[in-house]
Amino acid sequence: MAIYALRKLAFFLGAVFIASVAIFLLIRGAGGNVAAVVLGKSATPEAINALAHAYGLDRPLPVQYFEWVRGMLSGDLGRSFRTNESVADLVTARLSVSIPLALSGLILGLIIAIPVGTYAARNVGTPSGALLALVSQIGVAVPVFWAGILLSLLFGVRLGWLPTGGWTDWSDSVWGAIRSLVLPVLSLGLIMAAVLIRYVRSAVLDVMNQDYLRTARAAGMTRTEALLKVGLRNASLPLVTIVGLQIAELIGGTVIIETVFSLPGLSRMILANVAAREVIVVQSTVMLIIIFVIGVNLIVDLLYGILDPRVRSTR
Amino acid sequence: MTGTQLNALEVKNLVVHNTALTAVRGLDFTLPAGGRMGLVGESGSGKTLTALALMGLLPMGWQANGTVHHDGVDLIAQSDRALSSRRGRTISMVFQDPLSSLDPVRRIGVQVSSVIRRHTNVGKREAESQTIELFRQMSLPRPEQLMRAYPHEISGGQRQRIMIAMALACYPQLIIADEPTTALDVTVQKQVLRILNAAVKDRGCALMMITHDLPIIAAMCDTVAVMYAGRIVEMGPVAEVFRNPRHHYTKGLLDSQPTMDNIALDGSSRLASIPGMVPPLHSLPAGCAFHPRCAAATEACMTRVPPLDDGSRRTACWHPIEASVAMVTA
């Protein structure tokens with residue numbers, strides 16, 4: 001297991017390194033003088049040079065790259081060209097919205113999908129199983145933003161139970177923050193659940209036909225017991241992979257949800273900064289997101305090694 | 001206590017069917033306590049479905065009718081919950097493929113000792129030491145280390161011995177072995193059978209051995225039932241049935257067994273085979289299902305199903321082979 005974990009860790013570091021070079025080159029090397037791009041057409045050459053010098057943009061690219069990486073490693077993500085705010089501070093504030101949103105959405109999706117998918121697998125070929133398959137199929141087809149708008153119409157406008165959008169910060173009111181997250185999490189979670197139900201269903205169906213489930217029953221487990229005790233652990237193997245892949249989907253979903261519900265999250269911040277040509281902000285935050293996604297996949301791989309002894313010994 | 005206690009299994013008119021097909025068409029037999037019965041037949045004759053019906057483990061869509069008396073209850077009438085308390089305790093089964101039949105993600109020791117804990121009141125440590133003792137009885141090497149191994153880490157023969165240990169863990173009255181050596185290398189088949197044989201003998205439990213391998217039946221069983229297209233066509237003591245088969249299908253099976261006598265070394269094999277094929281379940285012929293392949297078939301065979309007669313030697317044939325006519329080959 002230790003060798004397996006070390007190999008996966010090395011792979012993770014390699015992937016992060018390649019990603020950092022790629023992002024740096026894409027954004028810096030895309031052409032043109034960054035300082036000129038930031039300041040716009042009407043800027044004087046003196047102003048451009050001053051900005052370039054102040055932010056070290058006049059130094060050779062490799063030097064800039066290593067400065068950036070060194071900063072990232074020590075927690076310094078750079079400063080905004082326009083407002084001179086620390087990117088780290090900007091990001092931290094935004095993460096207090098985005099992380100609860102994404103994580104709760106994923107967890108809600110799993111909480112719905114695992115029992116419903118298992119139930120659908122057990123009742124395959126019956127009317128209730130078919131109905132569930134149909135509902136999840138519809139759920140997959142529904143765009144996230146539309147789900148958000150519908151929920152907001154129902155609970156926000158019609159019933160008036162929850163805010164239709166906007167954000168109350170945790171420091172102002174924890175209850176208020178939770179209230180402003182309920183509908184976004186619900187929309188994200190429901191859409192995640194619709195996708196995951198189908199994977200859970202097929203994973204459980206596959207496991208149900210395995211000989212070892214029959215052995216478990218031959219040794220004294222009831223059908224349901226065998227499915228829950230032996231089946232789900234085996235079905236979780238493909239699911240872990242799927243959930244890892246869904247993380248990328250989840251981040252895409254948060255961009256839309258944050259926009260629909262006007263939440264000051266990380267995704268919206270990146271969008272705004274791309275529009276404002278805040279090179280450093282975009283570069284550092286995109287890098288953070290990439291580290292997060294690759295990190296999740298590292299965790300998935302390690303989890304896979306823990307769950308499946310065959311993976312540990314063969315790789 | 002009651003008369004049924006003397007028998008490990010009393011099967012009456014067992015029928016196994018799904019919505020479209022009937023795969024087992026009325027089995028009647030009795031397996032006495034501690035008895036050893038072989039069930040032979042080609043693929044598709046209904047052997048495995050019979051075994052799964054006895055265990056209450058039929059695949060989805062299949063249903064069993066009739067009565068199966070075992071340990072004072074009718075297994076067919078039991079709920080899944082009631083049956084589950086018997087499976088692994090009074091009636092056990094060893095499956096064909098030991099690799100796919102063991103849970104790939106749980107340690108072997110846990111898989112076996114959890115069966116003991118489920119059916120008896122012993123604690124974790126006691127169940128584990130019983131498991132190690134079982135492994136020792138199965139001649140498994142280094143039983144203590146094996147407890148912590150996963151199924152993919154050990155050999156096929158060892159896996160099947162683990163399956164046997166699991167089936168025997170709670171001293172069942174009956175163990176059903178469905179082709180237990182088919183998936184194994186020829187070199188370890190004998191060893192596994194020897195261990196199964198010894199363990200069954202030690203415990204005095206009844207054995208139902210399902211196979212298409214006649215020498216295995218000859219070596220391990222005292223009675224044999226020959227199945228064809230969902231029915232028993234011949235049944236009796238192994239030595240008698242193999243020496244003097246009465247049903248033409250049984251004779252055909254015996255004649256198609258390779259032995260040193262009928263395999264020619266120059267390649268011109270003199271091995272006999274039964275003409276034709278096993279009929280598919282959805283278009284079984286009327287009368288005796290074997291009649292299209294039978295040389296002795298007459299008008300009667302095409303219209304009326306021959307009943308399985310009673311007694312120690314049972315045959316379902318309108319024109320059974322007379323003992324004097326049969327070739328003594330065994």
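Student: Is B:D71 buried, partly exposed or exposed, and why?
Tutor: In this predicted model, where local features need pLDDT of at least 70, side-chain atom pairs count only at pLDDT 80 or more, and totals for chains, interfaces and linings use all residues, the residue sits in the loop between β4 and β5 of chain B. Residues are numbered from 1 along each chain as its sequence is written, while chains are lettered from A and ligands numbered from 1 in the order in which they are written. A residue is buried if 20 or more other C-beta atoms, placed from the backbone, lie within 10 Å of its own, exposed if 12 or fewer, and partly exposed in between. Because B:D71 has 19 C-beta neighbours inside 10 Å, its class is partly exposed.

Student: In which loop does B:Y171 lie?
Tutor: B:Y171 is a residue other than glycine with a positive phi, near 50 degrees, and it is partly exposed, with 14 other C-beta atoms within 10 Å. Helices (H or I, at least four residues) and strands (E, at least two) are DSSP runs, numbered from the N terminus. In those terms, B:Y171 belongs to the loop of chain B between α7 (156-168) and β7 (174-178).

Student: Why do β2 and β5 of chain B each have one side without a neighbour in the sheet?
Tutor: The open sheet has four strands in the order β2-β1-β4-β5 (chain B), with antiparallel pairing, where two strands pair if DSSP finds at least two bridges between them. β2 (22-32) and β5 (73-74) of chain B each have a single partner strand, so one side of each lacks a neighbour, and the reason is their place at the edges.

Student: Which residue of β4(B) is the bridge partner of B:E10?
Tutor: Strand β1 (residues 7-17) of chain B runs antiparallel to strand β4 (residues 63-70) of chain B, and six bridges join them. For B:E10, the bridge partner in β4(B) is B:H69.

Student: Which element gives the largest share of the side of chain A that touches chain B?
Tutor: Counting two residues as in contact if their C-beta atoms, placed from the backbone, lie within 7 Å, 21 residues of chain A are in contact with 26 residues of chain B. On the chain A side, the elements that give two or more residues are α9 (211-218), α10 (223-260) and α13 (309-314). The largest share, seven residues, comes from α9(A).

Student: How far apart are the C-alpha centres of domain 1 and domain 2 of chain B?
Tutor: Chain B is divided into domain 1 (3-221) and domain 2 (244-315), with bounds from an automatic or database domain assignment. The distance between their C-alpha centres is 29 Å.
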